[in-house]
Amino acid sequence: MKEPEPITMKDIARELGVSVATVSRALSDSPKISKQRRLAIQAFAREHNFVPNVIAETLRASRVRPSKIIGVIVPQIPHYYFSTILSGIEEEAYVRGYSIMVAQSNERYDREEQICQRFYENKVCGIIVSQAKDTQKYDHFKKLIDSGVPLVFYDRICTGVYCSRVVVDDYMGAFTAVTHLVNTGCRRIAYYSSPMNLEISKNRYNGYRDALLRRGLEPDERFVKICDNRADAEAITPDLLSQEEVPDAFFAVNDDTAIGILYTAKHMGYRIPEDLSICGFTNGVRATACDPMLTTVEQRGMLVGEEAANILIGQVEGSLPKDKVEKRVVRTRLVIRGTTR
């Protein structure tokens with residue numbers, strides 16, 4: 001069944017026998033309109049689920065078409081990997097004649113929920129999103145899908161929502177990295193993970209675990225920590241390296257965390273990689289700015305972004321059906337540098 005067209009200010013004006021300007025002023029709570037009329041117009045708008053088209057109002061005199069704007073939600077813009085994905089999205093969108101509107105959730109569910117609502121109000125043609133770390137309820141995503149808004153996840157996918165996604169091969173990236181550590185003589189390998197409610201965390205943990213088991217090594221849960229940033233790595237690593245039995249290698253969920261381990265271990269007198277091997281996951285610019293340079297898993301963020309934009313635009317333009325889930329996996333590769341033997 002075709003969804004009803006959303007009500008406009010012109011519709012409200014016609015139904016109530018007033019001008020569009022009067023409706024606009026009433027919805028803006030302008031004192032130029034009597035309080036009684038303001039309340040009546042506002043009540044009618046609420047009853048008929050009126051949503052203001054902010055973009056249309058802002059760009060009324062512009063040649064930019066609101067239907068060619070993609071909303072993009074980024075957990076953290078300064079994060080190298082997310083910024084490269086954003087660059088890939090923008091590049092593909094530009095080539096296809098689209099613009100992007102970017103918002104940062106800052107890893108907060110409440111902000112993510114508000115951004116989704118604002119994007120919907122702004123009539124974006126679709127939304128590309130990587131969920132915030134603390135998102136555990138998905139009603140805001142389901143509401144978008146139910147409203148006919150195309151939705152594509154990248155990196156951190158939401159398994160509770162049936163929609164398209166683009167991810168890197170997190171399992172194989174972790175499996176390859178840990179296998180390399182074992183093959184170079186490491187036996188007590190610690191893993192610093194992001195929160196386990198995230199699918200990427202589960203996949204990388206499974207890759208870490210299976211690589212150890214494949215080589216006859218039993219995973220030691222004492223060496224598995226929830227730690228996904230440099231500050232936390234610098235805070236918890238001294239305790240781990242001060243125990244009677246210490247790790248001889250670390251595999252970290254991202255480069256910043258790995259660099260925090262590297263910095264701490266060197267200050268504690270450990271030689272890298274003679275005493276301790278370290279491997280990250282990203283291959284950002286910082287991986288070659290540390291000493292020694294970081295062995296890491298390359299994620300290819302530009303390609304992830306391009307694929308996500310390609311799917312969304314395909315669904316918007318009809319070359320891909322909205323009700324069909326597209327699942328694309330970008331392969332990783334291990335980049336071996338000076339922090340491993």
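Reader: What is the volume of the second largest pocket?

Author: This is a predicted model, in which local features need pLDDT of at least 70 and side-chain atom pairs count only at pLDDT 80 or more, whereas totals for chains, interfaces and linings use all residues. Residues are numbered from 1 along each chain as its sequence is written, and side-chain values use heavy atoms, with hydrogens and water left out. A pocket is an open set of points on a 1 Å grid over the protein atoms alone, where a 1.4 Å probe fits and protein lies on both sides within 12 Å along at least five of seven lines. With volume taken as the space filled by probe spheres set on the points, joined across faces, edges and corners, the second largest pocket has a volume of about 440 Å³.

Reader: Which residues of the lining lie nearest the centre of the second largest pocket?

Author: The lining (residues with an atom within 4 Å of a point) numbers 25 residues. By class it has 8 nonpolar, 8 polar and 9 charged residues, where Asp, Glu, Lys and Arg count as charged, Ala, Val, Leu, Ile, Met, Phe, Trp, Tyr, Cys and Pro as nonpolar, and the others, Gly among them, as polar. Nearest the centre of this pocket lie His79, Phe82, Asp228, Asn254 and Asp256.

Reader: Which element gives the most residues to that lining?

Author: Helices (at least four residues) and strands (at least two) are DSSP runs, numbered from the N terminus. At least two lining residues each come from helix H5 (80-95), helix H9 (199-214), helix H11 (255-267) and strand E9 (277-282). The most, 3 residues, come from H5.

Reader: Which side chain meets aspartate 228 in a salt bridge?

Author: Counting a side-chain nitrogen of Lys or Arg within 4 Å of a carboxyl oxygen of Asp or Glu, the model has 18 salt bridges. Aspartate 228, in the loop between strand E7 (224-226) and helix H10 (230-240), is linked to a residue 95 residues apart, in the loop between strand E3 (126-129) and helix H7 (139-146). The partner, at 2.7 Å from N to O, is lysine 133.
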